[in-house]
Amino acid sequence: MQQYPVIPEFREKYSVKVGGVTVGGGAPVVVQSMTNTDTAHALKTAIQIAELHRAGSEVVRITVNNEAAARAVPKISEQLDKMGIVVPLIGDFHYNGHKLLNAVPECAAALAKYRINPGNVGRGSKRDVHFTDIIEQAIRYDKAVRIGANWGSIDQAILARFMDENSQRKNPLPTNEIIYQVLIASVLESAALAEKVGLPSNKILLSVKMSQVQDLINVYQLLHQRCRYPLHLGLTEAGMGSKGIVASTAALAVLLQQGIGDTIRISLTPEPGESRTKEVIVAQEILQTMGLRHFVPQVTACPGCGRTSSDFFQHLAKDIQTFLREKMPEWQKTHPGCAQMQVAVMGCVVNGPGESKAANVGISLPGNDEAPVAPVYVDGEKTVTLKGDNIAQDFMQIVEDYIAT
Ligand code: SF4
């Protein structure tokens, strides 16, 4: 079984440019997401890309699955230009990428990166031919390429090779360890072929996605030791709602804490009618709660308990959180440093004053919120006590004034 050498820890990952965004080489971990519109519908797709980008997605991936979708890609770029949105687009190709990139050169040129799954480029002798074809397009148009293996569409030829080798071992490896080896071999062998064809090493990113948390951690730890290509992290098919969020966070937090991962995508299944932007917000919140990046002022809020006798406190915490997120795009231009600030919204005197004093700006209700009065703390000092019906608005004004000064 082929063993790949371990790369010494001190060797940084290559720095790859995806449009104007740098991934790897010590750059901040990049947030990305993916549309779920029919790409052939250019306007609808452009609107969703704009929505994802405004929510914080720094690059956006789109499905390019047929000629209509490929022909729509330059139109999507035009629509984004008209909206004033500048965001690198990644084309997600399976099975027919070689044909589409050749047939629609405007698509090949408009994309910033091509995503290829080595398990889905072709069978047998066609596999390397199709793969090489795509890499030649990337070279021609000076594009980055993510070589992304996924355990659900594993390269059958490599799997057969490893299973055969394993059957001859005295102590065969368990199936999940074979899968790790197959995924890693799949992307590293493809990356070696891409470089042989002429794609520079600083144009290549890798991913090896699995859907179980422990598997994902294990396979990325192994891959991280064996290459200098930047790694795209994501728990594939994470699922819906809290399960998807918790599973993605559990897996990615462990890896990110170990310095593994250069760009992340949270693959959440949206509820019917739910906005796609949730996956972007979750990705940002993972990075921000870990202290790796700062996107929006962080709200420290207690959960509330029997001391908060109405829902006033919950409304206050929610309104302030929403206010901060909605104002951030504007503040990003004028006061980008405010993303580092802490805002506390606390329900009673038990922990309220302490947390409020520790925050840049904090509000602490007295516990009985039937007729609420709320002392406000700025940089640790009590400055004013808010009362009446406009406590939330008055507090937001205090936060806004603090940011402006
Ligand atoms: Fe309950 Fe007060 Fe603690 Fe909030 S700060 S959870 S209201 S005891």
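## Helices H5 and H7

Asp128, Phe131, Thr132, Ile135, Glu136 and Ile139 of helix H5 touch Ser190, Leu193, Ala194 and Val197 of helix H7; contact means heavy atoms within 4.5 Å. By class, this contact has six nonpolar, two polar and two charged residues. Ala, Val, Leu, Ile, Met, Phe, Trp, Tyr, Cys and Pro count as nonpolar, Asp, Glu, Lys and Arg as charged, and the others, Gly among them, as polar.

This is a predicted model, in which local features need pLDDT of at least 70, side-chain atom pairs count only at pLDDT 80 or more, and totals for chains, interfaces and linings use all residues. Residues are numbered from 1 along each chain as its sequence is written, and side-chain values use heavy atoms, leaving out hydrogens and water.

H5 spans residues 126–141 and H7 spans residues 175–197. Their axes come within 10 Å and cross at roughly 55 degrees. Axes are lines fitted to C-alpha atoms, for helices over the stretch in contact, and angles run from 0 to 180 degrees between N-to-C directions. Helices (H or I, at least four residues) and strands (E, at least two) are DSSP runs, numbered from the N terminus.

Strands of a sheet pair through backbone hydrogen bonds, either parallel or antiparallel. Two strands pair if DSSP finds at least two bridges between them.

S9 runs parallel to strand S11 (residues 263–264), and two bridges join them.

H9 brings Ile245, Thr249 and Leu256 to the contact. H10 brings Lys278, Val282, Ile286 and Leu287. The residues of this contact are five nonpolar, one polar and one charged.

## The five-stranded sheet

A second open sheet has five strands, ordered S13-S14-S15-S16-S17, with mixed pairing. Its edges are strand S13 (298–301) and strand S17 (381–387). Each edge strand has a single partner, so one of its sides is left without a neighbour in the sheet. From one strand to the next, the twist averages 20 degrees.

Strand S15 (residues 361–364) pairs with strand S16 (residues 373–378) in the antiparallel sense, over three bridges. Val361 has Val378 of S16 as its bridge partner. S16 and S17 are also antiparallel, with six bridges. The hairpin of S16 and S17 has two residues between the strands. In this hairpin, Asp379 takes a positive phi near 50 degrees.

On the H11 side, the contact includes Phe312, Leu316, Phe323 and Trp331. On the H13 side, Ile391, Phe395, Met396 and Val399 are among the residues met. By class, the contact of H11 with H13 has twelve nonpolar, no polar and four charged residues.

## Around the ligand

Which residues surround the ligand? They are Cys302, Pro303, Gly304, Cys305, Arg307, Thr308, Gly347, Cys348, Val350 and Asn351. A residue is near a molecule if one of its heavy atoms lies within 4 Å of it. This shell has five nonpolar, four polar and one charged residue.
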